[in-house]
Structure formats: C-alpha cells, structure tokens
Amino acid sequence: MGGSSEPILILGGGPAGLAAAQELVQNGARPVVLESRGSVGGIARTEGYKGYLCDVGGHRFFTKNAAIDRLWHRMMGEDLLRVPRLSRIFFGGKFYRYPLSIANTLGNLGVLESLRILLSYARARLVPHPAEENFEQWVSNRFGQRLYETFFKTYTEKVWGIPCRSIRADWAAQRIKGLSLASAVTNALLGVRKAKSLIEEFDYPRLGPGMMWERFREAVEAGGGRVRCGCEAVRITHAGGRVTGVGFRDNGATATQAASHVISSVPIDRLVGLLEPAAPPEVRQAAAGLSHRSFLIVVLIVDRPSLFPDQWIYVHSSTARVGRIQNFKNWSAAMVPEPGRTSVGMEYFCNEGDELWNLSDGELGELAARELGELGLARSDEVVDHCVIRQPDAYPVYDEGYRDHLAVIQGYLEGFENLQTIGRSGMHRYNNMDHSMLTGVLAAQNALGARNDLWQVNEEEEYLEEDRGKTAARVPEALLRRAFARLDKLAFAVAVGSVSGLLLFAATLWLVVKGGPVVGPNLRLLSQYFAGYTVTVRGSFVAFGYSFFWGFLFGWLFAYLRNLTLALHVYRIRRRAEAWSLRDLLDRV
C-alpha cells in the first residue's frame, strides 16, 4: 500500500471481490467494496420470491484448491451441505444420465444410432480434424461428429447464441483442462480419479450460494472493511500511470472516493469506458469488440411436492427455447418453504435487449409454463405463480476476435501500477467460481506487495495447488518425460552392437595373449555360428563384426518394441485421463 492512508477499493461484491476483501482484512487492511446491486454475490447470488429461494445460474461448490475449500467451510460451518449430484440431458423425450453413461446412452439411442455414433467416434480417432480452431472441431475430435451433433451442438448454441464454429477452441481448452503427463501417470499408477468427487457429490450452502457471500460480507465488515451495496462506479480517474479515485452513484447521489489501489471485477470492456482521461481509441475499439451473453430465469412455483430428482436438466430439444431447468428443492430442501410444492428455474439464454429479453414477465411466465408442460415434466395448469430474474453480462463470449481485443486491453491496463482486474467479467475469462476467487486472493496479495500473475490462474492445473513448496515431493514432470521418452533406435542399436562386439573382441584377444597348449577351447565353439571365426587376432575382428551385427539388430528391435509398447500405454493413460476431464463438459458450457 506504500503507506497511503487511502483505502484499497474493490469494484464488485461477487465471489472474486469478496475473496479479495477477505484476504485484505486478514492482513490488516481496511478495504472498501462498492457493489452496484442491492445484495452481494454477483451472478452467484441467491434471489428470493415469497419465501422461495433461487440460485441465479446454478452453483456447485467444488474445488481442488485446499485453501479455497477451507475458506468455504470456515465461512459456512454446518450450513455447508454435502449434496449427491444428479444431472441429466433431456433429448427426444428421454433422459440421459450426465456425465454420459455408455449403457444408458446406447440403450436410449437404439442399435442403429448407437452404431452410427461408434463409427463416427472411430473415424474421429483415425482421421481427426488436423487443426482445432473452433469448438465444433475440438469436441468432434474427442467424441466424434455424431455424438457432438446429438449432445453438444444444440445446447451450446442455445447458451451462446452463435454457431459452434464461431466459438474459439481455446474456450473449450481453458474450461476443460486435460491432465498433465505427471497427473495422468500418477493417477494411472495409483488408481486415482480426480474427477470422482465432482461427478458424485458437491458442497452447497443450505440457503443457496447467497448465504456464502453474506457470510463473507459479515467477516469483511467485522474485520474493519466496508461493503457498500447500491454503489455503482461511473468514473475512474487516473494520472501518471496510477488510479487516483473512483466516482460512483450511491442510491442516486454522486460521490468520489480516493484510492491507494483499485481491484476491479467490473466487466473489463466497461472498465475501459470508465477511465478518465479516456483510454486511447484503439483500446476503446477493442473494448467495443468484446461481448457478453445474458440470461434470464423464470422461476415457476408448481403445486406438486416433487417433479424430478435432478439438480438441473439440460434441454437439448431444438423446439424448446429453455436451455436448462433447475430444481431448487434438490439443491437444498430449505430453498422451498412449502413441502407440498416445488420451484423450478427455467433458464433462457439471450442477449440483453433482444426479443426474448424484452418479453414482459407475464409473457415469460406463460412461455415457461407451456414449455414445462410440453416437455412432460409437469402440467402447465399446476404452475401457481412465477417470477422473472434477468441477468445481463453473465458470460464472456469467446468469439473469433475476442483474443486480439483482450490482448490490446490487457496490454494497456498493465500500464497502471495500482489497478488490477479479477474474476470472470473483470478478466473476460470464463473461469470457475474457485478460479475467480483465487484471482481475488492473489490480487489482494499484490496490493500488499506481492507479485502474482493473475492471468496464470486456470492456465495450469498445478497453479491451483495450495503449497507450491510441496512440488519437490511430487514426481517432477520433466523426470516423467525423460522416463517415458522414446528411445533413439539407431543410437541404441549402435550402442548395443558396439558393446557386444567389443566384449567378444576383448575376450578373444585376452585368450590369444594368455596362450596355452589349446587356446580358447570353449570360445572356439562360436565358429559353429560365426563362419570364419577362430581364437586368433584375425578372429577377434571377425567376432567383433558378427557381434556388432547381431547386437545392432537386437538393440534396434528392442527399442522399436519398447517405443511401441510405451506409446500405446501412454495413449491409454491420456485417453482415460481426458475422458474423466471431459465428463462434465456441459457443466462448463
């Protein structure tokens, strides 16, 4: 903080911003959080309607980062429930378990379609797309074109509103992390399946995710920080490469707060527009090139005690506009106040200001009730009430030009010594919740003098390890790569041939020098296999030639078979590791 008396300002009271604030108060700082909404949590908040609680966006609490996991449990205690997971795909009037189960999937699809999918998968393995430039190519290379079109294309295009061919492949690569060679080999040898907990169960606050963020707010304020809701940043002043203050609206009135440091989870394109003096034209142009996907949730209260056992259902039908259906009672029974009724969240993905977004609440309620009935999940006349929640700027879009635009903005913002961007919107990266919180924690440490690279979060799985000091105790990646490296067949064959030839050459010469009435009677037996061999100086060279030839042949064959066996083994390990990594693809869409 450089001894400044001005506070550290955090723009945004979502998971990333609150994690930053908590880290700061833990280290004696007194941050001020400015949140534009009337409550904390951002897209991970909980909304209420007549006692019914709605999880905006659906949030399973799962992390591989021990520090983040401990933080969640410390905040929630016994109010953090362990919930068995169930998600299914609704397609063609049938339910498919998700992650996909081979028996269930093939049984539902039938013999003919199953055969087509298997043949498509085989073709993808034999003749994959040579370049993975977009989402369609990335998924097809791993599942086959037919399975991609059946289970991923329709839903993904509902979510993003653009063709899968326009979604960058690096979005999928970032969201679905394959295991490193070290992780894959370790898991194969030890029988570990890292994804098991994510697949089978997860943690969840008793009253929805908003309960978690309220606990964070209480902890920040108890530690001397301030969390001000209803305060929207409208201006960020700067001079000489430093941010000097933030102007904001506080329930209609305008105020200004000087700052020693600013940590922002505001959408990065919007952040550029708040800067005074204004950013250069090329930076503003790049910001205008970034886009976000919005969504809205129609919460339906259904006069029935139970509808289906899933936390949510993915709707892949192209005739239904709904993309996903949450069943809030199955997240936590405490989210539904009347045991004889059920509440579901019908999620519609859209763009802010488009035709769907601009429908009235009544029209959206009718649409959602009708589609719930058409899908056969409940009768539309069982819907007794509804409310609508609109969420703008929910997901950063990885379209064809986003990477170049983001690079321009990132390069410009790096020129500010006391400004950092964090979280999903602040970095225009579709991070998981724990990744977003980690960027907040690391940014807080930077504000106190550390030098963490926030852009490496979610780039490498090992970055999420809590104790980097334990790296030496794990098997180093470089060591495994050397152990599993291919043998150079020619070099190995020459080495084996040379050693075997020299050994027989030296043995023959030694017997010649030793002499005696009968020289090398035992070694003479080699003449039955090596034509022209004798235990003489001349014979030592003959022995070298024969031994080198057969040693060379044996060495080359051994290296070839060893490389082939190892390649097949590593391929099997990688495929198994990748399969576990891909099992939750739709959750990450």
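1. Contact here means heavy atoms within 4.5 Å. Leaving aside neighbours within four places in sequence, Thr 421 is in contact with Ser 264, Ile 268, Leu 271, Leu 413, Gly 426, Met 427, Leu 454 and Trp 455.

2. On the basis: this is a predicted model, in which local features need pLDDT of at least 70, side-chain atom pairs count only at pLDDT 80 or more, and totals for chains, interfaces and linings use all residues. Residues are numbered from 1 along each chain as its sequence is written, and side-chain values use heavy atoms, with hydrogens and water left out.

3. Thr 421 belongs to strand E20, residues 419-421 (strands are DSSP runs of at least two residues, helices H or I runs of at least four, numbered from the N terminus). Its relative accessible area is 9%, so Thr 421 is buried (under 20%, 1.4 Å probe, protein chains only).

4. The Thr 421 side chain comes to 3.2 Å from the backbone oxygen of Gly 426. Val 266 lies 155 residues away from Thr 421 in sequence, yet the C-alpha to C-alpha distance is 7.8 Å.

5. Elsewhere, an open sheet of seven strands with mixed pairing runs E7-E6-E16-E17-E18-E15-E19 (two strands pair if DSSP finds at least two bridges between them). Strands E7 (94-98) and E19 (383-396) are at the edges with a single partner strand each, so one side of each lacks a neighbour in the sheet.

6. Within this sheet, E6 (residues 87-91) and E16 (residues 312-315) pair in the parallel sense over four bridges. Ser 87 is opposite Trp 312 in E16.

How values were computed. Buried means under 20% relative accessible area, exposed over 50%, partly exposed in between (1.4 Å probe, protein chains only). A polar contact is a pair of N or O atoms within 3.5 Å; within protein, one must be able to donate a hydrogen and the other to accept it, and residues adjacent in sequence count only if both atoms are side-chain atoms.
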